Amino acid sequence: MATILVVSEIRNGQLKKVNFEAYSAARQLADQLNGDVATVLIGSSVSGLSDIPGKYGVNKVLQVEDASLEKFSPDAYAAVAAEAARHLNADFVFMPATAMGKDLLPRVATLLNASTAQDVIHMRVEDSGVVYTRPMFAGKILADVKLTSTPQTATLRPKAFAIQENPVTAATEALSVNVPQAKAVVEEVTTSGGGKLDVTEADVVVSGGRGMKGPENWHLLEELAELLGGATGASRAVVDAGWRPHGEQVGQTGKTVSPTLYIAVGISGAIQHLAGMLSSKYIVAINKDPDAPIFKVADYGIVGDAMEVLPRLIEEIKKLKAES
Amino acid sequence: MNIAVCMKQTPDTEAQIKIADDGTHIQTDGIKWIINPYDEFAIEEALRITEKHGGEVTLISLGPASVEKTIREGLAMGAHKAIRIDAPESPADPQVVGAALAEVLKEGNYDLILFGKQAIDDDQSQVPSIVATLLDLPAVAVVVKLDIEDGKATALREIEGGHEKVTFSQPAVVSAQRGLNEPRYRSLKGIMAAKKKPIEVKQINLKENQLSVEKLSYPPEKKPGRIVGEGPDAVPELVRLLHEEAKVI
Ligand SMILES: Cc1cc2nc3c(=O)[nH]c(=O)nc-3n(C[C@H](O)[C@H](O)[C@H](O)COP(=O)(O)OP(=O)(O)OC[C@H]3O[C@@H](n4cnc5c(N)ncnc54)[C@H](O)[C@@H]3O)c2cc1C
Ligand SMILES: Nc1ncnc2c1ncn2[C@@H]1O[C@H](COP(=O)(O)O)[C@@H](O)[C@H]1O
């Protein structure tokens, strides 16, 4: 009987979609290993969220509530998550590979004398154990890795694992933990662009490059992204030019995205840009240069001027939405 | 202020990465080695802080003697001295790297320990968090702005869709993200001076790997797509394909 613990990521009192992906992936693994899935909810008030994980096949919900956990602190949260893993005797500890998860889980592993497979995109069970696949060299290489520690810990890349509903009634348990005094405390969280969807979380990413000519034309990309329920991204060239904030940069020194649909407008397709978006399911390129390297990786391309193609694209998609 | 910067040597970002015959490493011949780009931000930040507050910058790198060439580049930027922890390669398990660095860092009495947010070869993004936990120090990862005044520090860290402002006391661990600063060029004078700066070599026992690489492979080739057409007239066909064939809109 294997026990898989998923450390939930709570932001603004909410459980984001990335958690459901992690629960679903853990459930799938648990089914193969004949095991159970548990999650731990950490914060100053979390009991209101306890009904949610069961929808995705989580059998047990641990609640750790403490006034001192209101604000995120990597060291204090790591101590709590490690205690939850000890309490359950967990064989596996997973977390979404987000800014929080990628910092927190290696800490939890350290406290448990374990090791971490970071940013995993695929898991499979072999006779000899679980094999984790993770990208290296900005996605140019995939590595199959194995862990020999107990527990085995892994962060799961957002959007790499499908959400699967699998309703069960989860048992809840309040766990009391001696929360250590936080060493680094988050004083303030600022969101760029009024709580817009982040590029790493969006199903559709509409990115612009230098071919967009200037920041004043970004409303076209924003309108398209909004129509498709997506987020806007950018090449490094336009971030360096100050047209867009760094948080939107896609690529080797920006963010890695794997949306269902990636639309690259006026982006040449330099290797460092491709590193951040090649794992997208469908890629559309709009570029006036038929020899632009982006067309080599695009499923569909239009050769043309972005200023002419974008308004038409917005119009046609509006038409489609009105019809369906 | 005494600052340590942990740096790793990585292949150049433009390098063609090929899998070696053993199937678990990459081919190293013909590769141009550089300071991991994020570690360069860390070195630059350390230099700026010591230029303002005084003190010394020590570079620490774990790896074979061949990494000394890259260490010298960091010294050429202006770092004062360096330590190389001798190992045949940088171990695959970040816990092993972190434990070795922590052991050496413990001896140094540093006020601040800087890292890159991620090494661009194995893309682990783990070592800074591990070292902070082992040394029981406050830490902030993926930092784009750092202010240090009288032992009290504030950092701005990048998260999904925004930033977190974090306050902490020193000594502390910080990992650098692009945007923190613009690294300086190595001057000829700096390069000459670097030749005489000391690199101390330390032998320590590495702990056992609990993460092993079984196999490396190339991601599946993306099959070349098609040009739907030219100009705005191609848009209706594109929308049809996205709707009916790809079923993504
Ligand atoms: C260490 C390192 C790290 C890097 N990391 C990143 C990274 O993370 N992300 C990243 O994106 N880049 C990164 N780069 C930069 C990268 O090499 C490219 O310089 C950058 O991606 C180019 O941006 P671009 O495609 O917007 O601009 P350009 O290369 O200038 O391309 C503009 C494109 O727009 C097209 N165009 C022009 N006008 C129009 C029009 N009216 N309509 C339609 N198309 C038009 C042109 O044909 C051209 O293809 C990195 C580089 C280095 C050295
Ligand atoms: N072999 C090494 N020697 C010194 N520092 C390292 C080494 N490996 C990683 N680091 C540091 O840890 C950071 C994160 O690396 P990683 O966790 O491997 O992605 C790097 O940017 C370096 O600052």
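Residues from which chains surround ligand 1? They come from chains A and B, so the site is shared between chains.

## Ground rules

This is a predicted model, in which local features need pLDDT of at least 70, side-chain atom pairs count only at pLDDT 80 or more, and totals for chains, interfaces and linings use all residues. Residues are numbered from 1 along each chain as its sequence is written, chains are lettered from A and ligands numbered from 1 in the order in which they are written, and side-chain values use heavy atoms, without hydrogens and water.

## Ligand 1

The shell around ligand 1 holds 26 residues (each with a heavy atom within 4 Å of the ligand). Arg210(A), Ser235(A), Thr253(A), Ser268(A) and Asn287(A) come nearest. By class, the shell has 5 nonpolar, 15 polar and 6 charged residues. Here Ala, Val, Leu, Ile, Met, Phe, Trp, Tyr, Cys and Pro count as nonpolar, Asp, Glu, Lys and Arg as charged, and the others, Gly among them, as polar.

Backbone atoms meet oxygen atoms of ligand 1. For Arg210(A), the distance from a polar backbone atom is 2.8 Å. A backbone N or O atom of Arg236(A) lies at 2.9 Å, and one of Gly266(A) at 3.0 Å. On its own, ligand 1 has 990 Å² of accessible area, and the protein covers 80% of that (Shrake-Rupley method, 1.4 Å probe). In chain A, α5 (236-240) and α6 (271-274) each give two or more residues to the shell (helices are DSSP runs of H or I, at least four residues; strands are runs of E, at least two).

## Ligand 2

Around ligand 2 there are 21 residues, the closest being Cys6(B), Asp39(B), Ala119(B), Ser125(B) and Gln126(B). The shell divides into 10 nonpolar, 8 polar and 3 charged residues.

A side-chain N or O atom of Ser90(B) is 2.8 Å from a nitrogen atom of ligand 2. Gly116(B) places a polar backbone atom 3.0 Å from an oxygen atom of the ligand. For Asp122(B), a polar side-chain atom lies 3.5 Å from an oxygen atom of ligand 2. The protein covers 99% of the 490 Å² of accessible area that ligand 2 has on its own. Two or more shell residues come from each of β4 (56-63), α3 (94-106), β6 (112-116) and α4 (127-135) of chain B. β4(B) gives the most, with 3 residues.

## Chain B

Chain B has 6 helices and 13 strands. Its C-alpha atoms fill a box of roughly 65 × 45 × 40 Å along the principal axes. Of its 249 residues, 57% count as buried (under 20% relative accessible area, with a 1.4 Å probe and protein chains only).

Notes: A polar contact is a pair of N or O atoms within 3.5 Å; within protein, one must be able to donate a hydrogen and the other to accept it, and residues adjacent in sequence count only if both atoms are side-chain atoms. Buried means under 20% relative accessible area, exposed over 50%, partly exposed in between (1.4 Å probe, protein chains only).
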